[in-house]
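Please examine the following structure together with its sequence.

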Amino acid sequence: MAQQRRVQLSTQRPTSTVCVLGTELSLDVCGSAPKDAVAFHVQGTPGVKLYVVHETQSVKLPSSVCRWPLAAGAEVLLAMDALSKDVGDEKVRISYFGEAGGVPVGRAMLYLTCVDVSLDTDASRSGAVSRTLLDKATWTWGPDGHGAILLVNCDRDDPKAETPDNRDTAVRSYAGTGTSHTRNPGFLCFSPRIFLSYTPFSTPDLKDMSQMVLRTRGPHTIFAGHRLLLHVDYGDADKVGVFYGGNSVALEEYKHVLGGSKLAYTVKPSRHQEESIFYVEGLAFPDVGFSGLVAFHVTLLESPEKGLLETPIFTDTVVFRVAPWIMTPNTAAPLEVFVCSVDNNEDFVASVGALAEKAKCPLTVCPLLENRQDRWIQDEVEFGYVQAPHKTFPVVFDSPRDRGLKDFPVKSILGPDFGYVARQAPEGSSSLDSFGNLEVSPPVTVRGKEYPLGRILIGSSFPR
């Protein structure tokens, strides 16, 4: 059902308003009628579709009925299918008649301007933003589902930065040359290596984000005289960040405009471009208190007269779901092996190295200076990934055990296109919080239900 807005008319002076493509306007013909009026007649220019609602029935105009009684519930609906070329280039006239008929006892004139306002995402999950007939304000799972996907921007694209990219409000870039690669290691377990090519002044940070495109079409004067407000719900603001660079391609021009304490941003559409492209990053993974769903809205506001409050005349909404952290099973092919070098384990390290060489798999040795006599590297971290149609990258999950290896994931694994996430135990960690107690099965079917990504297995101190 199309969005509908009620418009007040006047027989004292002409009224002007905006009709957004795809919406309906409901004209208050009874509220503007002179006291002695008993019937009305409606006329519109060719670009306006008119309907009279009378006795719960909707009649398209023109019709065989010339005049309609001003009965309770009488209503005129209008819609427009084409953009206006000029402000007020279409119009509707309501003529009111008394008991005697003949000359109208009053007339109300409405000048209309049709514009297009649309907020779009990759709701079809094709990897590119496009306009769609899908319901952008809902999100459904599965290969036949719809709804845009957002990644938590938890890698570190700038090697000089001290924290992951989702902990700041800047767009980061690794301005290097040649080829760089990221690891997706699996401590004697396997997962794919991802190679990325970087060029000077490239913007990998933006590539970790999802695009949200605001499209505006119609006479530019309308957008100069109305306000376009991009906004996020208060409860979602700490889960996302939005960046906007205007018409510039320069990285330094991208500003943080939504998220955190910023709940709304006024967009000023360009006279020469119909699209304003925003980049959205996730800040938090779905968790016990967060379903992962985040909504954004764009609202067109008008202020009929100075000193009055702005009135919302149209709102478009899109919904993202933040992609969860997906754990990589240890049945995947090995790609890189990590081992800790501590006192008196030289033979063990050598044996692991020989096995890695036989498997043609690189070996990374974490030295004593970094592990501080903590050999239990699989208890400290687990590896997984995040995925959206436009991007996939591995993410290391840091356990709350925080012993000698506590700094290792941030210092040695976090980097460009390799993310990091950590959780703290609410009441202090125990041995069960070590990730040797966290595993995932291969793809499995249980009681007829398929688990294509496997099922996570959690250790327990008691037998079950």
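Is C340 buried or exposed? C340 counts as buried, because its relative accessibility is 3%; buried means under 20% relative accessible area, exposed over 50%, and partly exposed in between (1.4 Å probe, protein chains only).

This is a predicted model, in which local features need pLDDT of at least 70 and side-chain atom pairs count only at pLDDT 80 or more, while totals for chains, interfaces and linings use all residues. Residues are numbered from 1 along each chain as its sequence is written, and side-chain values use heavy atoms, with hydrogens and water left out.

**Cysteines**

- The structure holds zero disulfides, a disulfide being a pair of cysteine sulfur atoms within 2.5 Å.
- For C340, the nearest cysteine sulfur belongs to C366 and is 4.4 Å away.
- C361 counts as buried, with 8% relative accessibility.

**Nonpolar cores**

- A nonpolar core is a set of buried Ala, Val, Leu, Ile, Met, Phe, Trp, Tyr and Cys residues joined through side-chain atoms within 4.5 Å.
- The largest nonpolar core has 53 residues, of which V117, M212, F278 and F296 touch the most other members.
- Strand β21 (residues 311-322) gives the most to this core, namely six residues; helices (H or I, at least four residues) and strands (E, at least two) are DSSP runs, numbered from the N terminus.
- Leaving aside residues up to four places away in sequence, M212 touches residues including L119, L230, F278, F296 and F320, where contact means heavy atoms within 4.5 Å.
- A second, separate core has 25 residues, among them F40, L61, I94 and L110.

**An open sheet**

- Four strands, in the order β22-β25-β26-β27, form an open sheet with mixed pairing; two strands pair if DSSP finds at least two bridges between them.
- β22 (326-327) and β27 (419-422) each have a single partner strand, so one side of each is left without a neighbour in the sheet.
- Strand β26 (residues 391-398) pairs with β27 in the parallel sense over four bridges, and V396 has Y420 in β27 as its bridge partner.

**Two residues in loops**

- H146 lies in the loop between β10 (106-120) and β11 (148-150) and counts as buried at 12% relative accessibility.
- The side chains of H146 and T138 are joined by a polar contact of 2.9 Å. A polar contact is a pair of N or O atoms within 3.5 Å; within protein, one must be able to donate a hydrogen and the other to accept it, and residues adjacent in sequence count only if both atoms are side-chain atoms.
- R401, in the loop between β26 and α6 (408-413), is buried with a relative accessible area of 6%.
- The side chain of R401 makes polar contacts with the side chains of D374 (2.8 Å) and E380 (3.0 Å).

**Aromatic pairs**

- The structure holds ten aromatic pairs. Rings of Phe, Tyr and Trp (its six-membered ring) pair if their centres lie within 6.5 Å; planes under 30 degrees apart count as stacked, over 60 as edge-to-face and the rest as tilted.
- The rings of W325 and F397 have centres 4.9 Å apart and planes at 70 degrees, so this pair is edge-to-face.
- W325 lies in the loop between β21 and β22 and F397 in strand β26, so the pair ties together parts 72 residues apart in sequence.
- F338 and F408 also form an edge-to-face pair, with 5.9 Å centre to centre and 70 degrees between the planes.
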